[in-house]
Amino acid sequence: MSEIATRPTDQDVTAFLEAVEHPVRRADAVALDALFRQVTGWEPVMWGSSIVGYGQYRYRYENGREGRFLATGFSPRKASLSLYIMPGHAGRGAILPRLGKHRTGRACLYVNKLADIDREVLAELIAAGLEDLGRRWPVSASPGVTP
């Protein structure tokens, strides 16, 4: 079985956030870090070279494939902020309309800037995503990090 390419790294989260080129995107990334820390209670870990993750979960599918992945997190991409609300935002019909301007992907929300959304609603969405994930798979702090 092939392993998922996105894994935890030793890359420094603060250095990564400070290196975001665009000043608004950098400020939004720092604010998202604070929000995710507050909601999850976990310290962030870099997953791959560009995803800031909070917590992890281990999964095993019926076909035998297993692994681990970040429980929730974000990436300050050039085009937008990618928010990973695991295992996706499906079933969040009551929350998403209150969020503000966003686009959705399979398991991501895309936001151009934090000024476009309600941060309290985002916190609610992050918590709901973690609760839903915890009903499916065991969720814990990221490797080497204590809550």
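How many residues does α2 have, and how far does α2 reach from its first C-alpha to its last?

**View 1. Helix α2 from end to end.** This is a predicted model, and the helix in this close-up covers residues 23–40. Count along α2 and you get 18 residues, with a reach of 26 Å from the first C-alpha to the last. That is close to the 26 Å expected at 1.5 Å a residue. Look just after the helix and you'll find Gly41, which takes a positive phi of about 80 degrees.

**View 2. The buried residues of α2.** Here we pick out the part of α2 that is tucked away: Arg25, Asp28, Ala29, Leu32, Asp33, Leu35, Phe36 and Thr40 are buried. What do these residues pack against? Their partners are the helices α1 (13–18) and α4, together with the strands β2 (51–60), β3 (66–76), β4 (81–85) and β6 (108–111). As a bit of background, an α-helix has 3.6 residues a turn, so residues three or four places apart point the same way.

**View 3. Where α2 meets α4.** Now bring in α4, which runs over residues 119–136. The two helices pack at an angle of about 50 degrees, and their axes lie 10 Å apart. Angles between 35 and 65 degrees are neither roughly parallel nor roughly perpendicular, so α2 counts as oblique to α4. Their crossing is right-handed. On the α2 side, the contact is made by Ala31, Leu32, Leu35, Phe36, Val39 and Thr40. On the α4 side, look for Arg119, Leu122, Ala123, Ile126, Ala127 and Leu130. Sort this contact by class and you get 10 nonpolar residues, one polar and one charged.

View 4. Pro76 is found in strand β3. Is Pro76 buried or exposed? With a relative accessible area of 11%, Pro76 is buried. Set aside the neighbours within four places in sequence, and Pro76 is in contact with Phe16, Val20, Arg25, Ala29, Ser50 and Leu81. While you're here, find Val30: it sits 46 residues from Pro76 along the chain, yet their C-alpha atoms are separated by 9.7 Å.

**View 5. Ser82 and its contacts.** Move over to strand β4 and you'll find Ser82. Its relative accessible area is 4%, so Ser82 is buried. Which residues is Ser82 in contact with, leaving aside its neighbours within four places in sequence? Look for Gly73, Phe74, Ser75, Arg77, Leu109 and Tyr110.

Terms used: Residues numbered from 1 in each chain as written. Predicted model: local features only at pLDDT ≥ 70, side-chain atom pairs only at ≥ 80, totals over all residues. Heavy atoms only, no water. Axes fitted to C-alpha atoms, helices over the stretch in contact; angles between N-to-C directions. Helix = DSSP H or I, 4+ residues; strand = E, 2+ residues; numbered from the N terminus. Parallel < 35°, antiparallel > 145°, perpendicular 65-115°, else oblique. Left-handed = near helix turned anticlockwise from the far one by under 90°. Contact = heavy atoms within 4.5 Å. Nonpolar A, V, L, I, M, F, W, Y, C, P; charged D, E, K, R; others polar. Expected span 1.5 Å × (residues − 1). Buried < 20%, exposed > 50% of the residue type's maximum accessible area, 1.4 Å probe, protein only.
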